[in-house]
Amino acid sequence: MVDVDKVLDEAGLKNPHVLEFVKHWAGITQPDRIEVVSASDDARLLQESLDAGELEPAGEGLYYSQSYHKDTARSEERTIVATSDPADKGVYNNWRHADEIKPVVINNMTGASQGKTMYVIPYLMAAPGSPLEAYAAGVELTDNRNVVLQMIRMARVGVDVFENLKDPESFVRAVHVTGDLENLGQGTPDDKRYFVTVADERTILHFGSSYGGNALLGKIAHGLRQANWDGWASRKFLAEQYMLIAIQDKETGKKYHIAGGFPSASGKTNLAMMVAPGALGDRYYVEFFGDDIAWLWVGDDGKLYGMNPEYGVFGVAIDTNAITNPNALAAVEEGTGAIFTNTAYNVNTHETWWEGKSPDYPTDVEGWRDWKGHLISERPAEEQRSKDHVWAHPNCRFTSTMSNVPNESPDYNDPAGVPIDGIIYGGRTRDREPLIRAIEDPAEGVYDGLTLGAEATAAAEGVAGQLRYDPMSMRPFLALPEGRYAQHWLDILDQVTDKPLFAHVNWFQRDADGGYLWPGYSENLRALLWMMDYREGRVTGTKTPVGVVPTKEELNLEGLEIDDAVLDQLLAIDVARWKQEIDLREAHLKAFDGLPERIWEAHRRVAQDLDQA
Ligand code: SPV
Ligand code: MN
């Protein structure tokens with residue numbers, strides 16, 4: 001048995017509550033060794049991982065890792081929110097009673113770290129001194145070195161972040177045990193994986209994965225699920241799967257801050273790291289605050305404030321290239337310390353590659369391995385360069401710290417956060433949704449967020465044009481039941497004196513042949529500029545039943561060649577299609593218990609306006 005007192009004492013981790021927590025879980029998982037880690041341990045841990053073959057070099061100061069082939073993404077069906085009150089059950093939170101589920105996970109964790117090291121990771125999901133600091137501290141225990149390296153990139157990690165905690169007892173207790181990945185029955189009736197957030201105990205118990213959102217507990221489990229609960233329980237804040245940016249107008253010096261929710265893998269990272277297109281760059285500059293999580297609260301001055309609790313970016317690599325996201329490429333250049341996961345890898349040159357990194361495959365397949373570790377050269381010739389036989393996993397990722405992103409905002413570390421001017425929602429919709437529509441009424445904005453969705457991608461997944469609803473882009477991350485969550489949103493917004501403007505955006509409208517009508521990527525800035533003009537009263541747009549849409553003249557199209565008829569289509573409201581959508585929304589919202597009357601009023605108002613249109 002490891003002498004836990006001695007290990008923590010020598011590491012300078014003096015907090016008695018942390019000691020009690022580590023002792024308790026070490027007794028259950030039974031590691032051979034315990035080690036407290038800080039960000040300053042990064043170089044040593046990287047070397048250990050390279051020596052052990054867990055990482056491979058991917059260029060100077062770059063690393064490559066491969067995960068177990070059945071462990072490549074979050075597992076929503078194995079993710080559970082537990083509390084001690086059945087009233088906390090929602091439609092999406094997969095609620096279970098803590099008394100029922102905790103013993104199951106604990107049983108699976110018992111003895112499961114034997115032979116391994118348990119790493120103790122003190123972390124903070126906020127800039128030190130943030131008004132939300134009390135909800136930001138956590139300690140993750142993990143038996144996986146790669147998880148430590150990823151956590152060091154994704155959160156502020158170290159013994160020092162715990163030194164100034166105002167309440168030494170108030171930290172999230174997060175336990176991650178990898179388990180025997182080859183014998184967990186992933187996807188079978190005998191699946192042993194459990195990813196449980198015991199929200200009312202501020203305890204996270206994840207067993208059976210070493211991948212991203214299942215294992216980096218500061219990110220999704222704490223930063224979203226636990227914080228979703230804490231924000232409501234404290235009545236103080238909202239925790240949302242949102243990107244956060246500032247658009248700086250160099251002429252006036254003013255910065256507009258926009259937060260926005262998009263369902264997972266809908267281009268949030270590209271949007272957040274955006275570079276102003278062409279000549280627009282002379283006047284505007286986009287600052288990056290975060291690509292995946294924003295915590296929002298009301299400041300003493302009555303403004304809505306926001307910050308990104310994360311310290312890094314865990315981005316989808318597929319289709320990341322010089323056109324879609326030059327800043328992401330810069331963030332994974334040599335010397336950044338970035339880690340690639342499940343891309344293709346060249347054993348000779350140590351390069352990484354993923355579909356969409358370049359228009360063509362690497363010229364020579366020699367030395368290239370696919371994400372499962374099989375040499376491309378050993379495939380049958382017709383499978384070597386075929387879309388049906390990918391090189392990289394569709395969910396392959398890069399992990400890099402915020403400071404590696406060239407357009408990181410100088411205000412990113414400001415504990416005061418930044419005032420939020422606008423909140424946007426966007427999914428992937430091939431028709432019906434215009435490029436942008438602004439929504440002034442806050443309750444209608446919340447209603448719009450609650451009815452956000454992404455279109456079913458394959459025909460088999462659903463009816464064409466029908467959305468898989470993803471309220472606020474929080475469907476996989478909600479700890480709260482939906483009605484209570486919606487009420488909490490209204491309560492927070494009611495306290496805000498200078499209300500943010502809401503807008504819904506859509507970069508994905510298609511023509512009859514399936515081609516995209518809008519060029520997307522950096523050009524998306526044009527829609528956001530209109531939004532800010534609207535908020536400032538510089539444009540009036542056209543009022544429609546579903547919000548205010550820009551006129552063609554109001555959009556800044558400088559340097560963009562776009563057909564007039566295409567623009568008309570991009571800004572049109574198809575009333576018949578919207579009426580269909582209203583019926584689908586009604587069924588979607590009806591499933592939620594206790595949805596506030598103000599949300600229903602917004603719904604009925606939109607429906608009525610459509611009827612009269
Ligand atoms: C997402 O899936 O929305 C992510 C990646 O941000 S993960 O951390 O794996 O959940
Ligand atoms: Mn995400």
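Modeller: Keep in mind that this is a predicted model. Start with an open sheet of four strands, in the order 12-16-17-24, with antiparallel pairing. Its edges are strand 12 (237–240) and strand 24 (418–419), each of which pairs on one side only. Follow the strand 24 edge. Strand 24 pairs with strand 17 (residues 304–307) over two bridges, in the antiparallel sense. There, glycine 306 stands opposite valine 418 of strand 24.

Now the helix on this sheet. Helix 7 lies across strand 12 and strand 16 (294–298). The helix runs at about 160° to strand 12.

Arginine 397 sits in strand 23 (residues 397–401). Beyond its neighbours within four places in sequence, arginine 397 is in contact with Gly212, Phe314, Gly315, Val316, Ala317, Thr341 and Asn342. Arginine 397 counts as buried because 25 C-beta neighbours lie inside 10 Å, and the cut-off is 20 or more.

Arg397 is also annotated. An unreviewed UniProt entry places the feature "binding site" at Ala265, Ser266, Gly267, Lys268, Thr269, Asn270, Arg397, Arg428, Tyr521, Ser522, Glu523 and Asn524. These positions span 260 residues in sequence, and their farthest two C-alpha atoms are 24.5 Å apart, so they do not all gather at one spot.

Arginine 428 is another of the annotated positions. This arginine lies in a loop, between strand 25 (422–426) and strand 26 (436–439). Arginine 428 has 21 other C-beta atoms within 10 Å, so it is buried. Leaving aside neighbours within four places in sequence, its contacts are Ser266, Ala454, Glu455 and Phe508. Ser266 is itself on the annotated list.

The annotated list also includes Asn524. Helix 13 covers residues 525–535. That helix is mostly covered, with nine of its 11 residues buried. Among the buried ones are Leu525, Arg526, Leu528, Trp530 and Tyr534. Just after helix 13, glycine 537 takes a positive phi of about 75°.

How values were computed. Residues numbered from 1 in each chain as written. Chains lettered and ligands numbered in written order. Predicted model: local features only at pLDDT ≥ 70, side-chain atom pairs only at ≥ 80, totals over all residues. UniProt positions renumbered as here; feature names shortened; annotations may be inferred. Buried ≥ 20, exposed ≤ 12 C-beta atoms within 10 Å, placed from the backbone. Contact = placed C-beta atoms within 7 Å. Pairing = 2+ DSSP bridges. Axes fitted to C-alpha atoms, helices over the stretch in contact; angles between N-to-C directions.
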